[in-house]
Number of protein chains: 2
Amino acid sequence: MNVRHHWNEIIDLVEKALDAFLPGAGEYPRKINEAMRYSVFAGGKRIRPLLIILAATLFNDKWQRALPAACALELIHTYSLIHDDLPAMDDDDFRRGKPTAHRAFGEAAAILSGDALLTLAFSLLCDDSLQDAYSEIYRQEVPPAVKLRVIAELAGAAGVRGMIAGQILDLEAEGRIVEIEMLNEINTRKTGALITAALRCGALLGEAPERGLQQLSKYALPLGRGFQIVDDLLDLEGDEAKMGKQKGMDKIRDKATIVSLCGAAAAKELRDNLYREAISELAVFGERAIMLQELTCFIFYRDY
Amino acid sequence: MNVRHHWNEIIDLVEKALDAFLPGAGEYPRKINEAMRYSVFAGGKRIRPLLIILAATLFNDKWQRALPAACALELIHTYSLIHDDLPAMDDDDFRRGKPTAHRAFGEAAAILSGDALLTLAFSLLCDDSLQDAYSEIYRQEVPPAVKLRVIAELAGAAGVRGMIAGQILDLEAEGRIVEIEMLNEINTRKTGALITAALRCGALLGEAPERGLQQLSKYALPLGRGFQIVDDLLDLEGDEAKMGKQKGMDKIRDKATIVSLCGAAAAKELRDNLYREAISELAVFGERAIMLQELTCFIFYRDY
């Protein structure tokens, strides 16, 4: 299908750009560079980079200038997974079918490789010395004030009022009775913040008018909530081979999710409602939103 | 003394600005905000913020615009200490006379508070929504292109080719025979990179000409090396009460330092030579460098 074909082309470019931006695996000191590459190229779906780029294409055709930000967001996402998997946090041994970073490289290198990915994300967004084709486009075409807004969006979403708050609340909620409002709060911060930032950064890089930014923020809300519910459903009934991880971990950890609170049937109904809501928020963009509609469908009905 | 008086005034402003930039301790989620404040206000000497601000004053009098960057650098320094102290790294129980972050708040909150401080540092440098008097000056007076250069300097120095490389090399060197060249390499990255970045950021924010930037980079080299040698000497013969930590840890960890490789007498001679070298690199700035000379003297001959 044509849409999926273009989508895969974008992912290929993201992979190549990530490869260009990361220090070489043989570069000194090797261990940390190997650890960074190991986690970045562990088979992620690249949903967040796609969201940035497809959001940019809603407003103009110069989406290649969004590639550095798309890579930065993927690095931030990867760092958050590495740190979340640590023994002191979720203590996961496997992710995407491979040993987690601390199992493969030891805990110190895992912590430091996460730190390094987070820091590199910000370097990508401002450092003119990175001589890559896409950073050249970004350097020449994106006004400094827009770059600063992109950095502010990502730092805000990844920070203590966004993703990090979600992670600490999530850890604190384990084994406790959690109300649905608290669960929504956790998910909004832990998953929703970066998804909202992806869409807003894409809009900024696509030179969207202010109301375009606001419209994408509205779309982001059901998308972020749906994203998390699908993750929770997959933990219950996903395909372990495709996901590359063990099912049922939420139950083992006594972790409150929408599924554990409301049951799978109600969670699916909520998912379907959120899907319709998300799609309806895209309507105003008409034809230009075709790829984003397709990605929305994938996010809500994926099986891994 | 007048110089020290002005210096203390600057430190007071840095403390106040840090307090304004950090989320309130009572802000939700409390644990992470408390953990961030605990480490930031644990009695650091604020040498790096002073370096940024005193570097800026070499070139003009509008040094207050350097306060957000000074705070950002202190947050990055604090995050690096929290992560370095973790059980998987140096496994330290005390710092500056207080339990380390993971001893006080648990390992998960320590890791996350470090992540949060690193992320907040970048927010400070670009986010116009931070409504503080100094961020207002910064917002109005610093051109976006200069802000981007400041972010690039800090991200580069803190990243995988700077401080993080130094930390992984340091961990790998423990218990091994290390040549003096390797030790210089570790120290240049681990300590020197952020010190160089502090001086360069100060120069950028002071609107220094390119040769001013280069001159400060030359001054940074002996300063960074001397800084580390003094730390190593203090571990051998410092005042435990004043330092707030146990002496002799390098020996217990079988950690190679200039002191362990060359002996204390040779290390002191090297320190004295580096001090003279650093001071001579400041000569070109004449009278304006008086406070930076005083700070240099403190860095080389401090007893804590």
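Colleague: Which residues are buried in helix 1 of chain B?

Modeller: This is a predicted model, and every reading here rests on it. In helix 1 of chain B, the buried residues are Ile10(B), Val14(B), Ala17(B), Leu18(B) and Phe21(B). They lie on the same side of helix 1 of chain B, because they cover an arc of only 100° around the axis. The general idea is that an α-helix has 3.6 residues a turn, so residues three or four places apart point the same way.

Colleague: Which residues are exposed on the other side of helix 1 of chain B?

Modeller: Asn2(B), Arg4(B), His5(B), Asn8(B), Glu9(B) and Asp12(B) are exposed there. As for cover, the buried residues of helix 1 of chain B have over them elements of chain B that include helix 2 (30–40), helix 3 (47–57), helix 4, helix 6 and helix 7 (133–141). Helix 1 itself, residues 2–21 of chain B, has 20 residues and reaches 29 Å from its first C-alpha to its last, close to the 28 Å expected at 1.5 Å a residue.

Colleague: How many residues of helix 8 of chain B are buried?

Modeller: Twelve of the 15 are buried, so helix 8 of chain B is largely enclosed by the rest of the structure. The buried residues include Lys147(B), Arg149(B) and Glu153(B), as well as Ile151(B) and Leu154(B). Their cover includes helix 6 and helix 8 of chain A, together with helix 4 (67–85), helix 6 (107–124), helix 9 (163–173) and helix 10 (180–205) of chain B. From its first C-alpha to its last, helix 8 of chain B reaches 21 Å, close to the 21 Å expected.

Colleague: What is the make-up of the side of chain A that touches chain B?

Modeller: In the contact between the chains, 42 residues of chain A meet 42 residues of chain B. The elements that give two or more residues to the side of chain A are helix 2 (30–40), helix 6 (107–124), helix 8 (144–158) and helix 9 (163–173) of chain A. Helix 6 of chain A gives the largest share, twelve residues. By residue class, this side of chain A divides into 29 nonpolar, seven polar and six charged.

Colleague: Which residues have the most contacts inside the largest nonpolar core?

Modeller: As a general idea, in soluble globular proteins, nonpolar side chains tend to be buried together. Here the largest nonpolar core has 203 residues, and those with the most contacts inside it are Ile52(A), Ile151(A), Leu154(A), Ile52(B), Ile151(B) and Leu154(B). Leaving aside neighbours within four places in sequence, Ile151(A) is in contact with Phe122(A), Leu125(A) and Cys126(A), and also with Phe122(B), Cys126(B) and Ile151(B).

Colleague: Why does Ala198(B) count as buried?

Modeller: Ala198(B) counts as buried because it has 33 C-beta neighbours inside 10 Å. Its place is in helix 10 of chain B. Beyond residues up to four places away in sequence, Ala198(B) touches Arg48(B), Leu51(B), Ile52(B) and Leu73(B). Ala198(B) and Ala157(B) are 41 residues apart in sequence and 9.3 Å apart in space, C-alpha to C-alpha.

Colleague: How is the radius of gyration of chain A to be read?

Modeller: With 304 residues, a compact globule would have a radius of gyration near 19 Å, and chain A agrees, with 19 Å. The C-alpha trace of chain A spans about 50 × 50 × 35 Å along its principal axes. Its secondary structure comes to 16 helices and two strands, and 53% of its 304 residues count as buried.

Notes:
Residues numbered from 1 in each chain as written. Chains lettered and ligands numbered in written order. Predicted model: local features only at pLDDT ≥ 70, side-chain atom pairs only at ≥ 80, totals over all residues. Contact = placed C-beta atoms within 7 Å. Helix = DSSP H or I, 4+ residues; strand = E, 2+ residues; numbered from the N terminus. Nonpolar A, V, L, I, M, F, W, Y, C, P; charged D, E, K, R; others polar. Expected span 1.5 Å × (residues − 1). Buried ≥ 20, exposed ≤ 12 C-beta atoms within 10 Å, placed from the backbone. Core = buried A, V, L, I, M, F, W, Y, C linked by C-beta atoms within 7 Å. Arc of directions from axis to C-beta. Rg over C-alpha atoms; globule rule 2.2 N^0.38 Å.
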